Amino acid sequence: MRDKRRIYSIAGTVLSALLIVFCINVLNEDNSASSDNVIYASSNVRSEVPVIRDYTMEGPGVSLEAVKEPAAEVPDENSASSETEAAEAETSAVSSASAKEETEAAGSSDAAGTETAETEAQASEAEGQSGYADGEAIGLSPDWEFASFSAISSGNAVYYRAKENRKDIVIAVNAGHGTSGGSSVKTYCHPDMTPKVTGGTTAAGATKAVAVSSGMTFKDGTAESTVTLRMARMLRDRLLTEGYDVLMLRDGEDVQLDNVARTVMANNIADCHIALHWDSDGLSSDKGCFFMSVPDGLKGMYPVSENWQKHEALGGALIEGLKGQGLKIWSSNPLDMDLTQTSFSTVASVDIELGNQCSSHTDEDLRLRAEGLTAGINAYFGY
Ligand SMILES: [Zn+2]
């Protein structure tokens with residue numbers, strides 16, 4: 001009996017051992033499978049990352065490249081990866097082309113820059129010392145001295161450049177009158193606001209005068225402002241052929257620039273200022289030409305104090321020029337007159353009266369005056 005029991009015991013032990021070994025093997029296989037699952041899951045997670053980024057990272061500041069790069073790492077999307085690479089190759093080709101275009105553009109930009117510089121240099125040369133272009137419309141700068149005394153300043157003067165025989169001298173030609181509404185506004189007669197020292201359109205003693213008077217009417221019914229504009233245009237053309245640049249302070253039937261504005265513009269743009277007028281004296285005959293000289297009472301007031309000799313020298317030269325054309329000069333020339341123009345002028349400045357309401361104003365009459373005035377300007381500037 002004892003032997004049978006020993007045999008059963010050994011057999012049980014062996015069976016137990018076999019069972020343990022089996023169990024260990026089974027467990028090992030489970031571990032192995034479990035490990036594979038972990039790797040697979042891990043792989044899935046990795047492959048889904050780009051998808052997640054595609055949706056969650058769209059928005060400002062996320063570049064397409066940041067999204068594309070992880071997608072290219074997904075092993076199951078070889079075709080997509082190839083497309084991506086192809087796309088990237090195209091992109092880099094495009095980039096190269098773009099870069100080339102940019103380089104070429106930069107090159108042409110440089111060329112354009114050089115051309116621009118040359119054009120500017122030519123323009124600068126063409127503009128001469130004045131810095132204004134032919135045909136340029138120029139407004140009153142509020143920064144100019146005395147500009148604040150102007151009441152009508154919304155209009156423009158027009159600059160004309162001589163193309164030949166350039167003298168680099170600018171003549172401001174002022175076709176008298178021709179500012180609608182000019183007689184219903186007043187401006188100070190003097191920059192120091194003292195009263196007028198002579199009579200005229202405005203009586204002596206007044207501190208303010210009309211901004212621009214309407215002018216007289218010729219005996220034949222023609223408005224003075226019409227004739228002064230014709231005269232201004234004829235003088236402009238004559239001066240241009242002579243090599244002077246011309247600032248037309250009134251370049252049309254009407255300009256919204258009062259006497260102060262016109263004077264301040266001439267001060268800052270031109271070398272002299274010539275205002276064209278025909279006198280209204282009530283006489284029944286043509287008394288001839290004369291200029292308005294500076295009254296003694298103004299000669300101590302700035303800026304007249306620094307400029308009145310120039311005004312009178314220019315006036316004298318113009319009269320000599322007109323005389324040289326055989327035109328009649330008034331026996332009482334010149335006439336002292338306290339004018340707004342004179343009171344605010346800082347360049348040689350003259351109101352020239354080319355006759356009166358009885359004067360003939362045919363083209364030939366005006367041509368003679370243009371010739372005479374040009375001769376006077378040449379003499380004043382030493383030509
Ligand atoms: Zn006048």
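Student: Where is the place of Pro-303?

Tutor: Keep in mind that this is a predicted model. Pro-303 sits in the loop that runs between strand S8 (290-293) and helix H6 (304-324).

Student: And which residue does a cis peptide bond join to Pro-303?

Tutor: Start with the general idea: most peptide bonds are trans. Here the bond joining Tyr-302 and Pro-303 is cis, with omega about 5°. A cis bond also joins Asn-333 and Pro-334, where omega is about -10°.

Student: Let's go to the helix, then. How do I judge the span of H6?

Tutor: You set the end-to-end distance against what is expected at 1.5 Å a residue. H6 has 21 residues and covers 29 Å from first C-alpha to last, close to the expected 30 Å.

Student: Which residues of H6 are buried?

Tutor: First a rule for helices: there are 3.6 residues a turn, so residues three or four places apart point the same way. In H6 the buried residues are Val-304, Trp-308, His-311, Leu-314, Gly-315, Ala-317, Leu-318, Ile-319, Gly-321 and Leu-322. Their cover includes strand S7 (272-279), along with S8, helix H7 (340-344), S10 and H8.

Student: What follows H6?

Tutor: Gly-326, which has a positive phi near 80°. Helix H4 (224-242) is followed by a glycine too: Gly-243, with a positive phi near 100°.

Student: Now H4. How does its span compare with what it should be?

Tutor: Its 19 residues should span 27 Å at 1.5 Å a residue, and the end C-alpha atoms are 27 Å apart, which agrees.

Student: Which residues of H4 are buried, and what covers them?

Tutor: The buried ones are Glu-224, Ser-225, Val-227, Thr-228, Leu-229, Met-231, Ala-232, Leu-235, Arg-236 and Leu-239. The cover includes strands S2 (157-160), S3 (170-175), S6 (245-248), S7 and S10 (348-356), plus H8.

Student: At what angle do the axes of H4 and H8 cross?

Tutor: To read a helix pair, take the approach of the axes and the crossing angle together. The axes of H4 and helix H8 (residues 363-381) come within 9 Å and cross at roughly 45°. The two helices are therefore oblique to each other, and their crossing is right-handed.

Student: Which residues make the contact?

Tutor: On H4 they are Arg-230, Met-231, Met-234, Leu-235, Arg-238, Leu-239 and Glu-242. On H8 they are Leu-366, Arg-367, Arg-369, Ala-370, Glu-371, Leu-373, Thr-374 and Asn-378. Sorted by type, that contact has seven nonpolar, two polar and six charged residues.

Student: Where is Met-216 found, and why does it count as buried?

Tutor: Met-216 is in the loop between strand S5 (208-210) and H4. The cut-off for buried is 20 or more neighbours; Met-216 has 21 C-beta neighbours inside 10 Å, so it counts as buried. Beyond residues up to four places away in sequence, Met-216 touches Glu-224, Trp-278, Ser-280 and Gln-357. Met-216 and Asn-356 are 140 residues apart in sequence, yet 9.1 Å apart C-alpha to C-alpha.

Student: What about Asn-267: which residues is it in contact with?

Tutor: Asn-267 is in helix H5 (residues 259-269) and is buried because it has 21 C-beta neighbours inside 10 Å. Leaving aside neighbours within four places in sequence, Asn-267 contacts Ser-345, Thr-346 and Val-347. Its C-alpha is 8.6 Å from that of Phe-344, 77 residues away along the chain.

Student: And for the protein, how many helices and strands are there?

Tutor: Eight helices and 10 strands. Of its 383 residues, 32% count as buried. Among contacts with a separation of 6 or more, 79% are between residues 24 or more positions apart.

Technical notes: Residues are numbered from 1 along each chain as its sequence is written. This is a predicted model: local features need pLDDT of at least 70, side-chain atom pairs count only at pLDDT 80 or more; totals for chains, interfaces and linings use all residues. Helices (H or I, at least four residues) and strands (E, at least two) are DSSP runs, numbered from the N terminus. A residue is buried if 20 or more other C-beta atoms lie within 10 Å of its own, exposed if 12 or fewer, and partly exposed in between; C-beta atoms are placed from the backbone. Two residues are in contact if their C-beta atoms, placed from the backbone, lie within 7 Å. Axes are lines fitted to C-alpha atoms, for helices over the stretch in contact, and angles run from 0 to 180 degrees between N-to-C directions. Angles under 35 degrees count as roughly parallel, over 145 as roughly antiparallel, 65 to 115 as roughly perpendicular and the rest as oblique. A crossing is left-handed if the near helix is turned anticlockwise from the far one by less than a right angle, and right-handed if clockwise. Ala, Val, Leu, Ile, Met, Phe, Trp, Tyr, Cys and Pro count as nonpolar, Asp, Glu, Lys and Arg as charged, and the others, Gly among them, as polar. The expected span of a helix is 1.5 Å times one less than its number of residues.
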